[in-house]
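Please open the model in a viewer and keep the sequence panel at hand.

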Amino acid sequence: MKNKHVIYGIRMIVIMLAITMFSILLNQMGIGKENVLMLFIVGVLLVAYCTNGYQYGIIASLISVMSFNYLFTEPLRTFTISRRQDVILLVFFLVAALISSNLTVRFQKQVKVARENEQLAKQLSIEQERIRFAMEKEQMRSGLLRSISHDLRTPLTGIAGASNLIIEAGEQLDRESIVSLARDINDQADWLIQLIENILNMTKIDSGKLVIEKKPEAVEDVINNAITHVKSRCQNRSIEIMVPDDVFIISMDGKAIVQVLINLLDNAIKHTEENGMIRIRVYRQERMVWFCIEDNGSGIEETVKDHLFEEFVTFRPVSQDTGKGIGLGLPICKAIVTAHGGSMMAENRDEGGARIQFSLPEIME
């Protein structure tokens, strides 16, 4: 605090000396003392602006009156005032200087208060944003737990029911019924494995631990592997494969790309009716290999089109014979494709249904 007073005192002295010297120069150039007096008012305002506190403006006002009286009123070089007009002039000057410095100091304090309020508002805004983010995160966590609980309960109920029926009525069931129940158990187990795989992958992505291990893979083999995993869930839906005659061998993490295709095919199966069409098309374009998955379902809702690759977003009403996912499949797909150096996009087909496609670099690394 003491150092500040010293600094402010030095500023006041420097300003008043500069104003006094400049006033003497103007007076020697023939400028009237009334105009010179205005220069001292400017000096008082500068002192009030460059310091902090009323006392500096008051002291500067008194110094200005004394300096003006000593240098520019008759008799010169004395503090005596012989003319009544000069007395009135100095009185008005002193009042004007005090008022001006007072207003300047008040303005400075208002500016300071406004800045403090602005900083406080920013801090409150940051705190509100933090609270909102924490609430959204908690809601998201709760929603995720509810969704996972629901999605786990459905297949587990089916598995428990089918296995219990086999145990209790196994001797009364024919082989075809047992095989059908076993197939249902297998389908539900596959669905559970895929759900858990998606959750584990999303955990790796969020923690930055997703590792892509590339090696040469045949595109057709990767596609056939993915179809093998979802074939039991197709339920009379046809899957058409359109791959060029020449063999595509590109550098990729085969297991990760198979997971991408499984998720995309699973989405297509969920959102098409029985006897629906699903098409996998592969083509080259601008040194990239594109994988295109199309269906003739209801298409992508416009309300979620821009948020399709965000977590926990589901994008179409699902058919009655399929479960509803928790919205992790597409974000995982996009993260895996991006890690490969490719891109992913989704759109509605003019003929009806949806088209989701992704690219992988064709050049072997």
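**Hairpin and sheet**

Begin with the hairpin of β6 and β7: five residues lie between the strands, and G352 there has a positive phi near 105°. The model is a predicted one, in which local features need pLDDT of at least 70 and side-chain atom pairs count only at pLDDT 80 or more, while totals for chains, interfaces and linings use all residues. Residues are numbered from 1 along each chain as its sequence is written, and side-chain values use heavy atoms, with hydrogens and water left out. Strands (E, at least two residues) and helices (H or I, at least four) are DSSP runs, numbered from the N terminus.

Next, select residues 344-348, strand β6, which pairs with β7 in the antiparallel sense over five bridges; two strands pair if DSSP finds at least two bridges between them. Within this pairing, A346 stands opposite I356 of β7.

Move to β4 (residues 277-285), which is joined to β5 in the antiparallel sense by eight bridges. Select Y283 and its bridge partner in β5, W290.

**The aromatic pair**

Which rings form the stacked pair? The structure holds one aromatic pair. The ring centres of F291 and F358 are 4.8 Å apart and their planes meet at 5°, so the pair is stacked. Rings of Phe, Tyr and Trp (its six-membered ring) pair if their centres lie within 6.5 Å; planes under 30 degrees apart count as stacked, over 60 as edge-to-face and the rest as tilted. Since F291 belongs to β5 (residues 288-295) and F358 to β7 (residues 354-361), the pair ties together parts that are 67 residues apart in sequence. F291 is buried at 0% relative accessibility, and F358 is likewise buried at 0%. Buried means under 20% relative accessible area, exposed over 50%, and partly exposed in between (1.4 Å probe, protein chains only).

**Two helices**

Select helix α8 (residues 329-339), whose buried residues are G329, L330, P331, I332, C333, I336 and V337. After α8 comes G341, with a positive phi near 90°.

Finish at V91 in helix α4 (residues 84-169). V91 is partly exposed, at a relative accessible area of 46%.
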